[in-house]
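Here's a quick briefing for anyone opening this structure for the first time. Have a look at it below, then read on for the inside story.

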Amino acid sequence: MSLLPELRYPTVAELVSSARDLAGQRPELCVLRRVGASRAGRPLHLLSLGRARRAVLVVAGAHANEPAGGGTLLVLARRILEEPELRDGISWHFLLCADPDGASLHRTPTPRSLYEYHLGFFRPAGPEQPEWAPSLLPADRLPPETRALTGVIDELRPYLQVSLHGTDLGGSWVQLTKDVPGLAEPFAKSAAELHIPVETSASDAAGWPASGPGVHVMPAAETGPAYPSLPDDARHSTWYHAHRYGGLTAVIEVPMWAGGLVDDPAPHPAPAAALRQLARRLLRDAGAVLRVVEDVRPRPEVAVGPLVRAALWGLELVPGLAGDIAHNPPADDTRAYVGSVDAFVRRVPLRAAAMLHRALRDTDEHAAARLERLVAAWSDAFAARFHARWVPVEHQVEHQARTVVATALHARERAG
């Protein structure tokens, strides 16, 4: 088993340095090049291993608050160099960080608790996220990070794109834009060996068919979304750009903290009533954050930077999301699904409070203190409710790396 040399998440600078070292050590196989720049001018780097026409593209750092993917890239790159059979007819390409600006704002590289994690939390508003921007913005307003990513896809025409994601608390699951037969078995085996729960009914994939526990396949276009009020649509994201060339995308999620309640496939005794209660709590908690916002909103010294934009964008989604959860038939009647929605509705106001706390702590001590109390109480309640257990970083990245390799090999068989 390949492990990270240090049990922490690498920074973007460390990723680039490690990739440069690999390219220097194996120049006959490795090339590191710049493929674009962020809105703030930070470079976007692609590390390529091998020159085979059949390509796999692996993307890390699409969400700043999901840091395991960078470590996974390093583990994968070293493993592919050490095991020639993984390069047999395949070239591997690694986008080191899709959103370096976001990575510069999320500042908890190895948190010791959910509270500490949220004190440094950042996740951009949807239109500023590289993968999701195409589903929310017209083509002429796409951020440069998105254009760089789609440009790489156009160049490589990968038969498989893998996007490395993560969750703060819960389990591991995979989302596929097309089915990859045979993936469920190695995915489940890896999760079991590394003591990572499989999130069998993830709210992110609500209503999607499953090819195995925790392996969800995007439904047909005529299938309506479980949460119609949410503005983003996976079918218009960069995940689908590979379909232009006959490829597919796998999104591999891994938790920082393992949580109970998300891997129980047993029927919930009253799922609709439970979801209505969760919707009420979502509205209540978001209201607590909005009361702080209303107290400080008129003040000119409160700059509307990326932290505030992201927090307000999330809060604006709450009424519609609560209505979807309360009034639409449950997408799934299992305990696992209700548990996943429980975690989902805790995150939205908690993340908004966390980002607003960071934005206000230098200009409004009173408001920041109110928000910090919410962050502390909600983080502790989240951890207690789900019996949070830290997943060692080396287990997070090992599970992702194994799943990437398994997906690449099974998808190659599918592609012929």
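For residue classes, Ala, Val, Leu, Ile, Met, Phe, Trp, Tyr, Cys and Pro count as nonpolar, Asp, Glu, Lys and Arg as charged, and the others, Gly among them, as polar. You're looking at a predicted model, where local features need pLDDT of at least 70 and side-chain atom pairs count only at pLDDT 80 or more, while totals for chains, interfaces and linings use all residues. Residues are numbered from 1 along each chain as its sequence is written, and side-chain values use heavy atoms, with hydrogens and water left out.

**The largest cavity**
- By class, its lining has 6 nonpolar, 4 polar and 2 charged residues.
- A cavity here is a set of points, on a 1 Å grid over the protein atoms alone, where a 1.4 Å probe fits but cannot get out; lining residues have an atom within 4 Å of a point.
- The structure holds 3 cavities of 30 Å³ or more, and the largest has about 60 Å³ of space (the volume is the space filled by probe spheres set on the points, which are joined across faces, edges and corners).
- Among the residues lining the largest cavity are Tyr 9, Glu 66, Asp 168 and Gln 396.
- Strand β5 (160–170) supplies the largest share of that lining, 3 residues; strands (E, at least two residues) and helices (H or I, at least four) are DSSP runs, numbered from the N terminus.

**The nonpolar cores**
- A nonpolar core is a set of buried Ala, Val, Leu, Ile, Met, Phe, Trp, Tyr and Cys residues joined through side-chain atoms within 4.5 Å, and buried means under 20% relative accessible area (1.4 Å probe, protein chains only).
- The largest core has 109 residues, with Leu 47, Trp 92 and Val 289 among those with the most contacts inside it.
- Helix α10 (residues 335–360) gives the most to this core: 14 residues.
- Apart from it lies another core of 12 residues, including Ala 55 and Ile 153.
- Trp 92 touches Val 58, Ile 80 and Val 404, among others, not counting residues up to four places away in sequence (contact means heavy atoms within 4.5 Å).

**Helix α8**
- In α8 (residues 306–316), the buried residues include Leu 307, Ala 311 and Leu 315.
- The buried residues of α8 pack against α7 (271–296), α9 (318–327) and α10.

**The cysteines**
- With a disulfide taken as a pair of cysteine sulfur atoms within 2.5 Å, the count comes to 0.
- Cys 30 is in no disulfide, and the nearest cysteine sulfur, that of Cys 97, is 20 Å away.
- Cys 30 is buried at 5% relative accessible area, and Cys 97 is buried at 8%.

Key:
Buried means under 20% relative accessible area, exposed over 50%, partly exposed in between (1.4 Å probe, protein chains only). On a 1 Å grid over the protein atoms alone, a cavity is a set of points where a 1.4 Å probe fits but cannot get out, and a pocket is an open set with protein on both sides within 12 Å along at least five of seven lines; lining residues have an atom within 4 Å of a point.
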